[in-house]
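Q: I am new to this structure and would like to go through it step by step. Could we look at it together?

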Amino acid sequence: MVNGRDCALGGKRWWWWGGEVGACNGVIVVSGDSGVIATVSGGGNDDIGVMEVNGSSLNEKKVTVVFVLGGPGSGKGTQCANIVEHFGYTHLSAGDLLRAEIKSGSENGTMIQNMIKEGKIVPSEVTIKLLQRAMQENANDKFLIDGFPRNEENRAAFESVTGIVPEFVLFFDCSEEEMEKRLLGRNQGREDDNIATIRKRFNVYMESSLPVIQYYDSKGKVRKIDAVKPVEEVFEAVKAVFIPSHEKSVSSTTVNMVKNKGYEGLSTAANNWDLK
Ligand SMILES: Nc1ncnc2c1ncn2[C@@H]1O[C@H](COP(=O)(O)OP(=O)(O)OP(=O)(O)O)[C@@H](O)[C@H]1O
Ligand SMILES: O=c1ccn([C@@H]2O[C@H](COP(=O)(O)O)[C@@H](O)[C@H]2O)c(=O)[nH]1
């Protein structure tokens, strides 16, 4: 499945991949299938990822991850920018990371470029490594992962390699007609925003990505948003998902106080608060 090895350590399972074990950053790693254990201190090779499996931990960093899924052009990137601004998440677009990898002159560049032109899904190990590195290099502990996982294999590999289970999945539900119109009008010079590739992307989305959303729905993790509406209205619905429920009930109480007892000083703020 992925280029990694695991073994039991202190009742926990650990994975590693890539590079030399001894170059890793002050964490415990395992060597080989025989389960030989090495404790490494110091060093520093960012290409090596060591993660606790079965906990949302990345190099001993606890992280919160929200997957942002939906068809091509459903507005994921647009809304992620709003979420970053209002809720302090870091936005990691898998597609942007892959495009940056092409630009960097990486040995995988040509392969990634061909896959994107064809609307195909890049192998999991490539994308997961880019996502892992981006999370490790960022001091934040809250990430929006946009446009990943795109198929069941992506999903299973990410969960087993990183041990990260998403907090929830934000799903932008949009008609194909609307998505096509948006992609053809995006005008960002993307090689895959032409009608032939768009059709291929739609097919891959229907066949491979929707089952991932269905999987998370069966776990009660999907927060579905009607993404056909204008940007501002979509964000109102998104906000309702991100505002913690206790804050919603506090504001609800405040509104009731305003309504019932006429606390005029609070009325503007309370009435502007979006209660869902
Ligand atoms: N609610 C909306 N109404 C109208 N246009 C929108 C809306 N949301 C986004 N757009 C526009 O549609 C285009 C696609 O949006 P965006 O890039 O956010 O989609 P995406 O889901 O991230 O796409 P992709 O999966 O291809 O990366 C952009 O030009 C954006 O400005
Ligand atoms: O996890 C991923 C994300 C993206 N791809 C490839 O990139 C393009 C563009 O993705 P956007 O999310 O629209 O930026 C996509 O069609 C895939 O070819 C991928 O393989 N895996």
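This is a predicted model: local features need pLDDT of at least 70, side-chain atom pairs count only at pLDDT 80 or more; totals for chains, interfaces and linings use all residues.

Q: Which residues come nearest to ligand 1?
A: They are Lys76, Thr78, Arg186, Arg201 and Lys229, out of 16 residues around ligand 1. A residue counts as near if one of its heavy atoms lies within 4 Å of the molecule.

Q: What polar contacts does ligand 1 have?
A: A polar contact is a pair of N or O atoms within 3.5 Å; within protein, one must be able to donate a hydrogen and the other to accept it, and residues adjacent in sequence count only if both atoms are side-chain atoms. An N or O atom in the side chain of threonine 78 is 2.5 Å from an oxygen atom of ligand 1, and one in the side chain of lysine 76 is 2.7 Å from an oxygen atom of ligand 1. A nitrogen atom of ligand 1 lies 3.3 Å from a polar side-chain atom of arginine 182.

Q: And how much of ligand 1 does the protein cover?
A: On its own ligand 1 has 630 Å² of accessible area, and the protein covers 77% of this. Such areas come from the Shrake-Rupley method with a 1.4 Å probe; for residues, only the protein chains shown count as cover.

Q: Which element gives the most to the shell around ligand 1?
A: That is α1, with 3 residues. Helix α1 spans residues 76-87 and contains lysine 76. Helices (H or I, at least four residues) and strands (E, at least two) are DSSP runs, numbered from the N terminus.

Q: Moving to ligand 2, how many residues surround it?
A: There are 17, and the closest are Arg99, Lys120, Val122, Arg150 and Arg190. Of the shell around ligand 2, α2 provides the largest share, 4 residues. Valine 122 lies in the loop between α3 and α4 (124-137).

Q: Which atoms make contact there?
A: A polar backbone atom of lysine 120 is 2.6 Å from an oxygen atom of ligand 2. Taken alone, ligand 2 exposes 450 Å², of which the protein buries 96%.

Q: What does UniProt say about these sites?
A: An unreviewed UniProt entry gives "binding site" for Gly73, Ser74, Gly75, Lys76, Gly77, Thr78, Arg186 and Lys229. The lining of the largest pocket includes Gly73, Ser74, Gly75, Lys76, Gly77, Thr78, Arg186 and Lys229. The "binding site" feature in the unreviewed entry is also placed at positions including Arg99, Lys120 and Arg201. UniProt positions follow the numbering used here, feature names are shortened, and annotations may be inferred rather than shown by experiment.

Q: A last topic: where is the cis peptide bond?
A: It joins phenylalanine 148 and proline 149, with omega about 0°. Proline 149 lies in the loop between β10 (142-146) and α5 (152-162).

Q: Which residue has a positive phi although it is not a glycine?
A: Asparagine 187 does, with phi of about 60°.

Technical notes
Residues are numbered from 1 along each chain as its sequence is written. Chains are lettered from A and ligands numbered from 1 in the order in which they are written. Side-chain values use heavy atoms; hydrogens and water are left out. On a 1 Å grid over the protein atoms alone, a cavity is a set of points where a 1.4 Å probe fits but cannot get out, and a pocket is an open set with protein on both sides within 12 Å along at least five of seven lines; lining residues have an atom within 4 Å of a point.
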